[in-house]
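Have the structure open and follow along.

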Amino acid sequence: MTIGVGGSTAELELAKLADMTADVKAISLQEFNERIESAQAIMQREGIKAVYLNAGTNLYYFTGMRWGVGERMVGAILPAQGELQFIAPRFEQDTINEFMQVQGPLHCWHEHESPAQLFGEILAKLDITDGTVGIDEATAFFMFNNIRHAHPQFEYIDAKVVTAGCRQQKSDTEIALLQRAKDMTLEVHKAAARILRLDICTTEVEEFIHQAHKVVGAPKGSYFCIVLFGKASSFPHGVKDAQFLKQDDVVLIDTGCQLHGYNSDITRTYVFGEASDEVRAAWLSEKNAQQAAFDAAQINVACQDVDAAARVSLEADGFGPGYDLPGLPHRTGHGIGLDIHEWPYLVGNDTTPLAKGMCFSNEPMLVIPGKFGIRLEDHFYMTNAGPEWFTQPSHSIDDPFGYEV
């Protein structure tokens, strides 16, 4: 039997877990202000007069305001010089003021009025009447469409040069939050492996993981959770029906949580029982590909070269080539931060050079159609000396969590 898999109960494992967030430090007001200064420096360099930040992670990153995306326009206009200008429905005024961290004037519109029209009026008050305006790339198309038709005098561009330009290199505080979130999820993974038993349902494991994340300090529990047994593990993001665990099944669990908005995302694959020779060989190929990607991730190396390194490793073992199956059907990794998938990406068309503070998943999943899949996912961050793991990779198929290392 695989070490660390089975032999316990949900009740016992939940009782062993404890809050891991007591000493965590959130992003300070000073850091939010520093982010604004960095964004404005990019805007001045690129000739961008203003950027619209829509409700969601970009609004939070620059202003500290948490506001969910909806059908009503809630956001902020960041000029290249000067203070933030907030925009929101009038009936949300008091709530917006309560949520505001970085301060700035709040401009409101009533339900029968046009927020797109108000958008242009705010720019005019800032003496911005022409030139280039960046739109948060996560803004709903209908909002952008209304803005550009109401104010055709501006040249509108994707604000990614500003948003990604700031967000893709994490600060020490952000890396510390990511580290703790991943530490929390790894402990949950270990506990989930121990509750496995014959005929347990994937939905029961998912519910345990959700509750376990709450116990270790994630208020909303799991941000997502994928639990797959047997052949279902060959479907990267799951199947529509629940499964029940059988002896010697491959088990793939991919889950994460959020800590002050920052995401964890870890996958472990192992066997409930004894691994066949085919599964054992594939698992080792996956581990070697993950290590090859990590080794390739050096300062100034292009993201696409990290993806290529994983594919070369897999192809040497007879998988692929490229995206062909059996093999690796998706990118090797993604950036991570306030969004679980964010720029840059470890994929063949991303030429972004790796830089200090960038954070990535490393998950060159191996899919054997009709049989099983192996995904080992850990994350790393870039230092001037190269990559550093947030969590240590799975040790072996017989001892996935390294209890006997």
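Is I336 buried or exposed? I336 has 0% relative accessibility, so it counts as buried; buried means under 20% relative accessible area, exposed over 50%, and partly exposed in between, with a 1.4 Å probe and protein chains only.

A word on the ground rules: this is a predicted model, where local features need pLDDT of at least 70, side-chain atom pairs count only at pLDDT 80 or more, and totals for chains, interfaces and linings use all residues. Residues are numbered from 1 along each chain as its sequence is written, and side-chain values use heavy atoms, with hydrogens and water left out.

Back to I336, which sits in the loop between β12 (333-335) and β13 (342-346). Helices (H or I, at least four residues) and strands (E, at least two) are DSSP runs, numbered from the N terminus. Setting aside neighbours within four places in sequence, I336 has contacts (heavy atoms within 4.5 Å) that include K170, L178, N263, D265, C359 and H379.

Three strands line up as β7-β8-β11, antiparallel and open, where pairing takes at least two DSSP bridges between two strands. β7 and β11 are the edges, each with a single partner strand, so one side of each has no neighbour in the sheet.

| Edge strand | Residues |
|---|---|
| β7 | 224-229 |
| β11 | 266-272 |

Six bridges join β7 to β8 (residues 249-256), and F224 has G256 as its bridge partner in β8.
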